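Biologist: Please take one part of this model and look at it closely, with its surroundings. Please also spell out the cut-offs behind each term.

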Amino acid sequence: MSSHSHGTQLARIHGSRWLPYMLVLPGVVYLLVFQGIPLLQEMRLSVSNTSLLNPSRFNFIGVANFSRLLRDPNFFNSIQVTAIYVAGCVIGTIGLGLFAALLMDREFTGRSFVRSLIIIPWAAPPVAIALVFRWMLNGQYGIVNRGLEPLGLMPAEGLWLDNPSLALITVLAITIWQLFPFTAVVILASLQSVPKELKEAAQIDGAGLWAQFHAVTWPVIRPTVALLALLMTIWSIRRFELIWLLTQGGPVGSTNTLVIDLYRRGFIINKLGEAAAVGMVGMAVSVLVTIAYFAVANRATRAEKMR
Amino acid sequence: MTRSEFISHAALVIIFVLAGLAIFPFYWMFVTATTSDANMFAASPQLVPSLSQLGIFAQIFEEGAVKTWLANSFIIAAGTTVLTLALAIPLGYAFARFPFWGKAGVGIGLLVTQMLPEAVLVVPLFSIFSPLGLLNSYAGLILANTAFTLPVITWILKNAFDTVPVEIEEAAVLDGCTGINALVRVVLPVIMPSVAASAVIAFFHGWNEYVFALTFITNDTLKPASVGLAGFIGEISTPIQSVMAVGVVYTLPAVALYLLMQRFIVSGMAAGSVKG
Amino acid sequence: MASVILNGVRKTFGAVNVIPGIDLEIESGEFVALVGPSGCGKSTLLRMIAGLEEVSGGEVWIEGRKVNDVSPKDRNIAMVFQSYALYPQMTVAENMSFNLRLAKKPKAEIRERVAEAARMLDLEALLDRKPGQLSGGQRQRVAMGRAIVRSPKVFLFDEPLSNLDAKLRVAMRAEIKQLHQKVKTTSVYVTHDQIEAMTLADRLVVLNKGHVEQQGSPLDLYNRPANLFVAGFIGSPAMNFLEARAARGDGHLRAQLADGNALELDPALGVADGQEIIIGLRPELINNDAGEAVCGEVIMIEPMGAQTLVYFSYGGKTVTAIVDGEHRVAVGETFRSGIERRRIHVFDRASGMRRDPE
């Protein structure tokens, strides 16, 4: 029996064929009003030269915003920064998360306690995180420099977030610190679905740790890791608060991701049209990544079925 | 020590180091808040909290602003939670149970909205809210926040509804419960843990949210704690102890509730956002 | 008066015709089992009686009322689900009383009816537990209790025992039977297990591919299966089927088997000379030295204690027989036995239909 007929039946025995529509309508209307319409308006803005100083004036200028972006070195800088930031986030959170998950996937005293501690950064508000890291990385009194100074590892003038060559890597480290707990716990959950007998069979076959991971563990967790990679990509492209509060995109544009660039153009330079154009580029990248992901995932499932 | 013993000991050490790194900044926030002025700039930093300085947490509440910020954050977060659940429960239920025209379209819509950066929608939402008088209001922030929590929570709840056998609902129908009644009396109680987890996730989205609050709220009496606290960044007139104390007070409820609900939240997030 | 009447009931899912049309009358107080292999439409039929599944055509009558458009809760029926479908957040007592509470029955009456059902099913000590704290058998009893409390006109059972282990299944089978003897409510019971159906029901309805192959009392179906499907479905181990050709002469009727053996049949059977037929031999009836000889080389034996299954070659096939456990047989020996002539089933090979003496 198909689930389709089952669902229709359920709607009927609940007394109305319109029930699903009554359930869906409020949420759909809500999303249309507060996501759909603003998105359309943002698209419209991207072909105008509307300014924050006069936000209701609409003046159609075609693709001028986009062609200006193509000639703008700052824009290419943001693309580059975004690419490094996203790649760093994905590799860092998944690498560290996988590592931590594998370490926690064994019985030891205090395991659930450790797991609770590790999840904390993910639960904390970005504003608080930005605040405390800025304090810890304070050039003069920050605990990081105070710890590193005696070891001779302090960067020039003790600058981290205000250092053009270190700011991006520092922001990246803080982001990974906040997000790896999430990937670790999700991967840990999927590790627990690896059949124990399979690991034992591999051990009896003489497989070492790496061979066990490669032959038994990885095939089970691979879909989860792939989905996490997609999620980390989309979240990194979207991330605003943490970066904005840590560096505001500086110094000299070294942490100026697309979303930060968009906010700067809109609210600091007052050019809403240009900001919207940057937003469209960001959106397009997210959507393309997702489509690519699902295309690959579908091909993988099909290949799986063929076997 | 054999090789495998060595590996498992090393693993244990690494895992405790990772856990230490994860909580150190929060510990440091607390230590800083309770450091006296004299110790703050001493040659060697104070590394443990001094309990004699705990009065700082009472002090920060004496000033009206902090209380107002936290109260505002609470109202915005609670409103976001209620509105999100009110919309996401029926939506998730319909997605789990019924076929309907346009289901695939709505599903794609829910997926795409998860990709929209808040920063992209700040401007258009600003221009929509402005004529409606929703700027400088709790309602405006609640409406904006819910637009971003709704897709995720809908998926979490859809996956939870999927785990409830249809037979239970059929039994309820035979017992005389139809439509919304079966949902409320029989199905929802079964997935209460997921609903609670969703509520916590929505609450802290509202509690943590910054961009909309920064842009839509100019009236100081309506500022939530995220904006209030961010105002301290780069500002030097407020003592760092007070700033960190506010940070602790602002972080604590989020972390505490997450820890209480972690089992449900993690599985919910994993199922909801990952599978979604 | 008939309690449940199905009148040309049809069910289609999209283009798939699951049930092309079924007529069935179930008497008041009768226990009817709908039995058949998975996918035969038995569960769908039950769900249509319950109102959980829409009827694509035809009529469903319950207690003299046409219920095609009556909602499930108003059909005066109760259903026991395969998965029990207990409400996990409610206690046993709350599960059992949910319907009465929804119907806003007086509290005292609810309490009394729950207590009575609990007494009947030995659930009194469990009333405050949640389903999660119960064993499979206990959950099963609660599911039945929930049905009894309503005192419905018709009980519907959808494979209620298939989630239990073999031992518990036998025990619960007995409980259901006793319960029915006590309350005498019309019952429709769906199962794929023919033994369950035989032991429980007054009448079996054998379904295959959405139509009724045969209906009747358990012994009727066992002794006179109408066709090859029923013959193969009822009885365990299953009936042996041997292909043969009928040969008439001198007032005798013989079945010529593939391996050259022949079986003497009742000459009164409606079978023509040269007709292609199928011979059906029940394993448990190949035990009569006086009857028609059935002999062959033993291929395998399965001792089960009281009885032994003997597999031997006969008629070009491997034939199963059940002999007494004391009977010594060894692989490679010739197994010598026989079957009473009147116990031999004969079917037309082309149509699969039973042939009786004319």
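Modeller: Chain B has a mean pLDDT of 86, with 96% of its residues at 70 or more; pLDDT is the predictor's confidence in each residue, on a scale from 0 to 100. Residues 272–276 of chain B fall below 50, and this stretch has 16 contacts in the model beyond near neighbours in sequence, a contact being heavy atoms within 4.5 Å. This is a predicted model, in which local features need pLDDT of at least 70 and side-chain atom pairs count only at pLDDT 80 or more, while totals for chains, interfaces and linings use all residues. Residues are numbered from 1 along each chain as its sequence is written, chains are lettered from A and ligands numbered from 1 in the order in which they are written, and side-chain values use heavy atoms, with hydrogens and water left out.

The part I have picked is in chain C. Its C-alpha trace spans about 80 × 45 × 35 Å along the principal axes. Chain C has eight helices and 19 strands; these are DSSP runs numbered from the N terminus, helices being H or I with at least four residues and strands E with at least two. Of its 358 residues, 51% count as buried, meaning under 20% relative accessible area with a 1.4 Å probe and protein chains only (exposed is over 50%, partly exposed in between).

Helix α2 of chain C covers residues 92–102, and eight of its eleven residues are buried, so the rest of the structure largely encloses it. Those residues are C:Val92, C:Asn95, C:Met96, C:Ser97, C:Phe98, C:Asn99, C:Leu100 and C:Leu102. They pack against α3 (107–121) and α4 (136–149) of chain C, and also against α8 (166–174) and α9 (180–190) of chain B. Just past the helix, C:Lys104 has a positive phi of about 55°.

Now the pairing with α3(C). The axes of α2(C) and α3(C) come within 10 Å and cross at roughly 135°; axes are lines fitted to C-alpha atoms, for helices over the stretch in contact, with angles from 0 to 180 degrees between N-to-C directions. That angle makes α2(C) oblique to α3(C), since under 35 degrees counts as roughly parallel, over 145 as roughly antiparallel, 65 to 115 as roughly perpendicular and the rest as oblique. From α2(C), C:Ala93, C:Met96, C:Ser97, C:Leu100 and C:Arg101 meet C:Ile110, C:Arg113, C:Val114, C:Ala117 and C:Ala118 of α3(C).
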